[in-house]
Amino acid sequence: MNSAALRVLARAVTATALVLTAAACTDTSPAASPAASPSGTTSEQQTPTSAAHTAPSDRNPAMDIRVTLDGRPVDATLNDSPAARDFAELLPLTLDLKDFHQTERIADLPRRLTTSGAPEPAEPKAGDLAYYAPWGNLALFYRDGDSANADLLILGSIDADADRLAGADRITIEAAP
């Protein structure tokens, strides 16, 4: 299957998952509307629907993290994927970055992350923080990637301009207070 067909298939799967999630969220029965705790969780959420396994993590809020690039803070978030939650367990981290293919800055992680429950492959965009499973490294994209890759898991994003991302030599990532 060529990359164009894979992108169309990935979009179709994502659209279907979103429709199923929206349908599940519009149920007006009393059991579908429990009171949420301050963290946004409820006791009723323990029974997953079939859409919960395929839907992107937009059903749960992203995790804020504190990131500094070369000692200067930037806004950043992690998504709620299994790999991003596993990455959050490694924090705090300070990593030296090196350039890779004039598209991303990369660094080795202290251990490999889980790849179970990985979402459909997505084409990386500038600002994406990602995990490349075959090498076990962290990637910070400062340019859009060429294509989606099942081995590249998007963990979150960093809100900084491309020049700042491209020139970063050191990244520190911490859990937000």
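Modeller: Two strands pair if DSSP finds at least two bridges between them. Helices (H or I, at least four residues) and strands (E, at least two) are DSSP runs, numbered from the N terminus. This is a predicted model, in which local features need pLDDT of at least 70 and side-chain atom pairs count only at pLDDT 80 or more, while totals for chains, interfaces and linings use all residues. Residues are numbered from 1 along each chain as its sequence is written, and side-chain values use heavy atoms, with hydrogens and water left out.

Biologist: How many helices and strands does the protein have?

Modeller: There are four helices and nine strands. Starting at the N terminus, their order is α-α-β-β-α-β-β-β-β-β-β-α-β.

Biologist: In what order do the nine strands form the sheet?

Modeller: The order is 3-9-1-2-8-6-7-5-4, in an open sheet with antiparallel pairing. Strand 3 (93-96) and strand 4 (98-100) are at the edges with a single partner strand each, so one side of each has no neighbour in the sheet. On average, neighbouring strands of this sheet are turned by 30° against each other, direction ignored. For such angles, axes are lines fitted to C-alpha atoms, for helices over the stretch in contact, and angles run from 0 to 180 degrees between N-to-C directions.

Biologist: How many bridges join strand 3 to strand 9?

Modeller: Four, and the two strands run antiparallel. Leu93 has Ile173 of strand 9 as its bridge partner. Strand 9 (residues 170-175) also pairs with strand 1 (residues 63-69), over five bridges in the antiparallel sense. There, Leu69 is bridged to Ile171.

Biologist: Why does Asp86 count as buried?

Modeller: Asp86 counts as buried because its relative accessibility is 12%. This residue lies in helix 3 (residues 82-88). Contact means heavy atoms within 4.5 Å. Neighbours within four places in sequence aside, Asp86 contacts Arg111, Arg112, Leu113 and Thr114.

Biologist: What does Ala83 touch, not counting residues up to four places away in sequence?

Modeller: Ala83 touches Leu113, Thr114, Leu153 and Leu155. Ala83 is in helix 3 as well, and counts as buried because its relative accessibility is 5%. Its C-alpha atom is separated by 6.8 Å from that of Leu155, 72 residues apart along the chain. For the protein, 62% of contacts between residues at least 6 apart in sequence join residues at least 24 apart.

Biologist: Which residues lie nearest the centre of the second largest pocket?

Modeller: On a 1 Å grid over the protein atoms alone, a pocket is an open set of points where a 1.4 Å probe fits, with protein on both sides within 12 Å along at least five of seven lines; lining residues have an atom within 4 Å of a point. Phe100, Glu104, Phe141, Asn149 and Leu152 lie nearest the centre, out of 17 lining residues. Strand 5 (104-108) and strand 7 (137-141) each give at least two residues to this lining, and strand 7 has the largest share, three residues.

Key:
Buried means under 20% relative accessible area, exposed over 50%, partly exposed in between (1.4 Å probe, protein chains only).
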